[in-house]
Amino acid sequence: MSMLSVEFFIAFRHLKAKRRGFFPLITTFIAVGGTTLGVAALVVTLAVMSGFQSDIRNKILGIQPHMVLVRIDGEPFKDYLKIEDKIKTNIDVLGISPFIYRQGIIRGLDLSASLIIKSVDYRNENNMLGLSKQIMVSDMSFNGEKIGEKSIILGSELAKNIAVSAGDKVILMFPSNFGSIPKMFEFTVSAVIQSGMYDFDSSLGFIDLEEGQKLFSMQNEITGFDIHINNFDKAVMTATLLQKDLSYPYRVKTWIEMNKNLFAALKLEKIMMFLILGLIILVAAFNIISNLLLLSVQKSKEIGIMSAMGFSKFSISKIFFYEGLIVGSSGIVLGVMSGLAVSFLLKYFNIFKLPKGIYYVDKLPIAVIPADIIMIVTCAFIITVTAGIYPAYQVSKLEPLEAIRYG
């Protein structure tokens, strides 16, 4: 049997053997339990935070393009077909959809609300964003290919706020360029969509691009392009290349840039939760230290005997270091298993419901990312290993004769 296996065997026997008194046993359970609780809490918390990030990202990309091209000066695109051809030369670009943005007011039977009108080619927009999958209810006249003349698609929350549904008539009002009296147009609600993002569902409406050009006197003009690429994670790099090709006065904005405050807040919250819950593991590390110091006092006579038998101080210190390692590793393994079990329970049984008006999602999202688990295990392992160094060092300073005499 090698020296390593002997030291590990003795360490395991020390932890397994009956202790004198109830307190040492309690400290061992607290040390293991504290590590288990800290690791499990971190696994569940990071799974929830990662789930929020992933779910919000997917919902955003279900209603927003990967990139948007606009003019910095706010002027419309005059000859936008040439710009469209230039964008298509980029090999990463999969789809392009011209649009017109306008703000206005929509009125149902008795209720009004502000809205953002997006005039689009429905077929292009649907290919990019999958709008047809988000339709809750539609009018009989809506064929899924074109929104139609004097027709509008509304977000579910906006439709609810003005008490209308598919087939109902609404009035759109826009500022006039020549006076204080707004322009008013009657439209029919052709469909109601639900993206899952409250901000979009409560403020966005789609009309046909040609219809928008007529309404806003923008014949053969648009205000920007939606751009869809083959990999949304490459949006920043692709946007940089397009920006170089197009230059001023054009500006390419990525989905990350358009939602940077939201994702920055989620990232910061994830980091802070990791640090706060990491304190639980740190407290457990102090329990490991106290447990090993108490064990060294109880085993002082055995330490003296082992020294007299030829064990070096380094070998004896390694015994107690291994004991700390066993306690810490047991807590980490149990914590990861418990955390994963709770995470999958929350994911597949949908225990918690979230109010749509407060959160971006209506259920608790869970995403277990292997990189997060590896980071938790690594940090917890470093903390618990560090906790075993001091007791091991203290044990190595015991003199054999004194340990036997006073043990």
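Trainee: At the start of helix 4, which residue has a side-chain oxygen within 3.1 Å of the backbone nitrogen of R123?

Mentor: This is a predicted model: local features need pLDDT of at least 70, side-chain atom pairs count only at pLDDT 80 or more, and totals for chains, interfaces and linings use all residues. Residues are numbered from 1 along each chain as its sequence is written, and side-chain values use heavy atoms, leaving out hydrogens and water. Helices (H or I, at least four residues) and strands (E, at least two) are DSSP runs, numbered from the N terminus. Helix 4 covers residues 122-129, and the oxygen at its start belongs to D121.

Trainee: Within what arc do the buried residues of helix 4 fall?

Mentor: Buried means under 20% relative accessible area, exposed over 50%, partly exposed in between (1.4 Å probe, protein chains only). In helix 4 the buried residues are Y122, E125, N126, M128 and L129. They line one face of the helix, because seen down its axis they fall within an arc (directions from the axis to the C-beta atoms) of 165°.

Trainee: Which strands do those buried residues pack against?

Mentor: Packing rests on contact, meaning heavy atoms within 4.5 Å. The partners are strand 2, strand 3 (112-120), strand 4 (135-138), strand 5 (151-155) and strand 9 (224-229).

Trainee: Which residues do salt bridges that share partners join into one network?

Mentor: A salt bridge is a side-chain nitrogen of Lys or Arg within 4 Å of a carboxyl oxygen of Asp or Glu. E125 bridges to K118 at 2.9 Å, and K118 meets D226 at 2.6 Å. The K118 and D226 pair links strand 3 to strand 9, 108 residues apart. Shared partners give one network of K118, E125 and D226.

Trainee: Is E125 buried or exposed?

Mentor: Its relative accessible area is 0%. Therefore E125 counts as buried.

Trainee: How many residues apart are E210 and K146?

Mentor: These two form a salt bridge, closest N and O atoms 3.6 Å apart. E210 is partly exposed because its relative accessibility is 48%; K146 is partly exposed too, at 43%. E210 sits in helix 7 (residues 209-215) and K146 in the loop between strand 4 and strand 5, a separation of 64 residues.

Trainee: Which residue's side chain makes a polar contact with the side chain of R107?

Mentor: R107 lies in strand 2 (residues 93-107). Beyond neighbours within four places in sequence, R107 touches S112, V170, I171 and M173. A polar contact is a pair of N or O atoms within 3.5 Å; within protein, one must be able to donate a hydrogen and the other to accept it, and residues adjacent in sequence count only if both atoms are side-chain atoms. At 3.0 Å, the partner is S112.
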